[in-house]
Amino acid sequence: MSELRVERRDIVIVGGGPAGLAAAIAAHEAGIRSLTVLEREAHAGGILRQCVHNGFGLHRFGEEMTGPEYAQRDIDRAAELGIDIRCDTTVLSVENNRRVTCVSPTEGLTVFEAGAVVLAMGCRERPRGALGTPGTRCAGIYTAGAAQKLINLESMMPGRRVVILGSGDIGLIMARRMTLQGAKVLACVELMPYSSGLNRNIVQCLEDFGIPLYLSHTVTDIQGRERLEGVTVAEVDANRRSIPGTEMHFDCDTLLLSVGLIPENELSKGAGVSLSNLTSGAVMDDSLQTSVPGIFACGNVLHVHDLVDFVSEESFRAGQMAAAYVRGELQPAEILPVKDGPGVRGAVPQQVRKGLKEDVRIMFRPDAVYRNASAVVVSGGKELARKRSLIFTPGEMAVITVKAAQLLQAEDEGLTVRIERKDA
């Protein structure tokens, strides 16, 4: 039996995907040399390794690149800085005293005692079992991300006649990918009356390939004993119940599920971190510090982002704030709550430090489609910020910035983010 190893670090980062790499680079550039990144996969880079399509890096680098190319930029930078990244390492627990226990084939069982911890575990896909869809338990049903991994990393084709349930970005991208690989994508089916993916992906991945998108529809039955043979799709009403007489049958051998992403927060729960019922991520303040002092969170483990560029931007700040905490520069402060108003769901951060003398970016998802409307931040009857947009949609994260000078005018009741229609 291997001997328990105990190591001390200023910062330990859980996750070696784009969030963890960005946090590590920022912490190192802020002067922290005693830091380690723990990654359970054999290689750093996270989900980007299987995202071979382009569209990454436009905001951050000003150029378009694939997922592996984007990840390699940060992997190369981390190597250049000499950052300790330990792959094939599974974190077993994170405690509220910032003790991190992990295991690997080469190092055995190791406990890190950290000055600060950054949680960057990413998210996972919602599986079929969470949907309650009736039908047989046959082969041929995959999450979109699993199918993406099979094709792009394992060179395996999941099937030839495909229906996609859900219009999240991964599902839309896989509609195009499966088509380019020679499969026939029969339909993309979405329960809601709007798509949950980016509009550019609807155009480039469905419309450009003539793939129909059925809004307000869902799969109501799955047929097949050993292998999937077909699915039944029906229209749903305002209560999301199938409407009799609207059924359509598709002969297919593959059903891909793109029905939502869930922040991977089991380790966060073990550390006693408070979680939001709306985002399923940690409740945190503008410094990205969670309810447990010295534990920070960033990226998709905090809330699901649209673009990896925004994940990196957020995670750079998490690394900087963790470094400030270790140096004793991030002191406890009174907080102002950030609340969801009409039209807003899951605003982050959920708290802002009182008396903050820097701008704060608040991100949220609209609860429906709003056209020609404004996002507004108010406090005690005072308007602190306003941002007009031609359209707000749940498929795209909205961002509004509150200037430091306006934040100083905030009342103790906190900030409320809401959407105002022009005709309201």
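Which helix and which strands each supply at least two residues of the lining of the second largest pocket? They are helix 6 (199-206), strand 23 (382-392) and strand 24 (398-402). Please keep in mind that this is a predicted model.

- Strand 23 provides the largest share of the lining, with four residues.
- Sorted by class, the lining holds 13 nonpolar, five polar and four charged residues.

- Five strands make up an open sheet with parallel pairing, and their order is 8-15-9-10-11.
- At the edges lie strand 8 (141-143) and strand 11 (213-214), each of which pairs on one side only.
- Strand 9 (residues 161-165) runs parallel to strand 15 (residues 254-257), and four bridges join the two.
- Within this pair of strands, L165 stands opposite L257 of strand 15.

**The nonpolar cores**
- The largest nonpolar core contains 59 residues, and I11, V94 and V118 have the most contacts inside it.
- Helix 8 (residues 308-326) gives the most to this core, namely seven residues.
- Leaving aside residues up to four places away in sequence, I11 touches a set of residues including A27, I32, L35, A116 and V118, as well as A322, A323 and V326.
- A second, separate core has 24 residues, among them V352, L384, A398 and A410.

Key:
Residues numbered from 1 in each chain as written. Predicted model: local features only at pLDDT ≥ 70, side-chain atom pairs only at ≥ 80, totals over all residues. Heavy atoms only, no water. Pairing = 2+ DSSP bridges. Core = buried A, V, L, I, M, F, W, Y, C linked by side-chain atoms within 4.5 Å. Buried < 20%, exposed > 50% of the residue type's maximum accessible area, 1.4 Å probe, protein only. Contact = heavy atoms within 4.5 Å. Nonpolar A, V, L, I, M, F, W, Y, C, P; charged D, E, K, R; others polar.
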